[in-house]
Amino acid sequence: MECEPLNPGLFFKNPHLMTIAAALWPRGRSGQPNSRFRQRYFQLAPDVQLLAECHIESKHADHPTLVIVHGLEGSSRSPDILNLSTKAIAAEMNVVCLNLRNCGDTLHLCPNLYNGGMSEDVLKVLEELRTVDKLTNIFLVGYSLGGNIVLKLGGELSSRAVHLMRGICAISPAVDLDACVTAIEQGLNRFYEQRFLIGLKDKIRQKARLFPGKYSIEKLNLVRKIRDFDDTFTAPDGGYSSAADYYAKCSSLHVLDKIAVPTLIITAKDDPLVPFNIFSSEKLNNPNIRLLAPEHGGHGGFLNCSPTSRDSDIFWAENRVIQFCDAGSRD
């Protein structure tokens with residue numbers, strides 16, 4: 001796969017400006033909810049449902065299908081996911097934009113919280129798409145925390161993955177949860193941490209109203225950092241003894257060497273939230289993994305100030321995902 005070079009220009013060589021600008025950049029109609037989306041509920045357990053926004057055409061059952069998983073406190077309506085899904089539909093691909101548990105206004109659909117290790121949820125969705133919809137050309141795409149989840153699933157499945165999917169794409173994946181949480185606690189990154197905490201704490205307040213007695217809002221007073229939140233809420237809810245236990249068991253880094261399908265990891269060397277030294281691990285010495293790591297890009301930013309005619313817009317990472325899935329479906 002030939003790669004369009006990324007030119008951030010002078011302004012976006014600052015990783016924080018790149019990260020924030022990409023989140024706020026106007027996307028026109030491609031960043032709006034698609035009128036062709038259909039809401040679909042995946043029943044994972046008697047008391048657990050996931051909501052997805054889908055565009056699946058039976059006549060395109062053999063075309064690439066992108067199952068897209070958002071990041072921390074995102075949803076199927078996050079601008080980058082809407083933009084990517086619109087591009088995929090324009091390329092006659094099927095799209096399943098999946099909301100993790102409680103995300104996308106789905107707090108009422110399950111009693112639990114979501115976490116970065118819920119690869120089993122994605123697996124159940126894949127199995128239904130294969131058996132019910134007869135989709136044969138599936139690619140997993142994950143952003144940040146969602147990137148960790150899809151890579152974790154690929155490693156856990158190992159050689160079995162070839163029967164369920166054609167490939168995996170991960171953008172700015174948080175493959176080492178402890179390292180990423182440590183990074184977000186430092187310096188200017190505290191801005192992002194506090195933004196995330198606002199949403200996470202609000203979810204606990206809403207869950208406490210929906211499921212009386214299950215969550216203690218009084219404990220929110222103890223939460224000052226993401227690590228505090230995970231120690232107090234995420235870890236015990238997921239069956240882990242502590243935040244450290246949760247991070248150790250749910251980081252995909254430990255299983256990257258077992259991935260057996262073509263995999264594209266896109267990360268920036270200046271990502272403020274996902275330290276690039278993580279990707280020097282020998283676990284990435286896997287011939288099935290291709291690492292695209294431009295010098296600049298921030299966290300999920302990747303704005304290309306000088307796109308060539310090959311790319312339709314400045315959203316470099318999204319265009320690489322479409323290119324990867326299109327090429328992979330033909331192999």
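## Starting at strand E3

In which sense do E3 and E5 pair, and over how many bridges? E3 and E5 pair in the parallel sense, and five bridges link them. Two strands count as paired if DSSP finds at least two bridges between them. The labels themselves come from DSSP runs, numbered from the N terminus: helices are H or I runs of at least four residues, and strands are E runs of at least two.

Before going on, a word about the model: it is predicted, so local features need pLDDT of at least 70 and side-chain atom pairs count only at pLDDT 80 or more, while totals for chains, interfaces and linings use all residues. Residues are numbered from 1 along each chain as its sequence is written, and side-chain values use heavy atoms, with hydrogens and water left out.

## The neighbours of E3

E3 also pairs with strand E4 (residues 94–98), again in the parallel sense over five bridges. The chain crosses from E3 through H2 to E4, and this β-α-β crossover is right-handed. Right-handed here means that, with the strands pointing away from the viewer, the path from the first strand over the helix to the second runs clockwise.

Buried means under 20% relative accessible area, exposed means over 50%, and partly exposed is in between (1.4 Å probe, protein chains only). Thr65, Val67 and Val69 point one way from E3, while Leu66 and Ile68 point the other way.

Helix H2 has 12 residues and reaches 17 Å from its first C-alpha to its last, close to the 16 Å expected. The expected span is 1.5 Å times one less than the number of residues. Nine of the 12 residues of H2 are buried, so H2 is largely enclosed by the rest of the structure. Its buried residues include Ile81, Leu84 and Ala88, and what covers the buried residues of H2 includes strand E2 (48–55), E3, E4, E5 and H9.

Helix H9 (residues 316–330) has 15 residues and spans 22 Å, close to the 21 Å expected. H9 is mostly covered, with 12 of its 15 residues buried; among them are Trp316, Phe324 and Cys325. The buried residues of H9 pack against E3, H2, E5, strand E6 (167–171), strand E7 (263–266) and strand E8 (289–292).

## Two residues in one loop

Arginine 101 sits in the loop between E4 and helix H3 (119–131), and asparagine 102 lies in the loop between E4 and H3. Arginine 101 is buried at 13% relative accessible area, and asparagine 102 is buried at 3%.

A polar contact of 2.7 Å joins the side chains of arginine 101 and aspartate 121. Asparagine 102 makes a side-chain polar contact with lysine 207, at 2.7 Å. A polar contact is a pair of N or O atoms within 3.5 Å; within protein, one must be able to donate a hydrogen and the other to accept it, and residues adjacent in sequence count only if both atoms are side-chain atoms. Leaving aside neighbours within four places in sequence, arginine 101 is in contact (heavy atoms within 4.5 Å) with residues including Val48, Leu50 and Tyr114.

## Cysteines without a bond

A disulfide is a covalent bond between the sulfur atoms of two cysteines. Here it is counted when two cysteine sulfur atoms lie within 2.5 Å, and the count comes to zero.

Cysteine 325 is buried at 0% relative accessible area, and cysteine 54 is buried at 2%.

## Positive phi angles

Most residues other than glycine have a negative phi. Lysine 134, in the loop between H3 and E5, has a positive phi near 60 degrees. Serine 172, in the loop between E6 and helix H5 (177–184), has a positive phi near 50 degrees. Lysine 134 counts as exposed at 54% relative accessibility, whereas serine 172 is buried at 1%.
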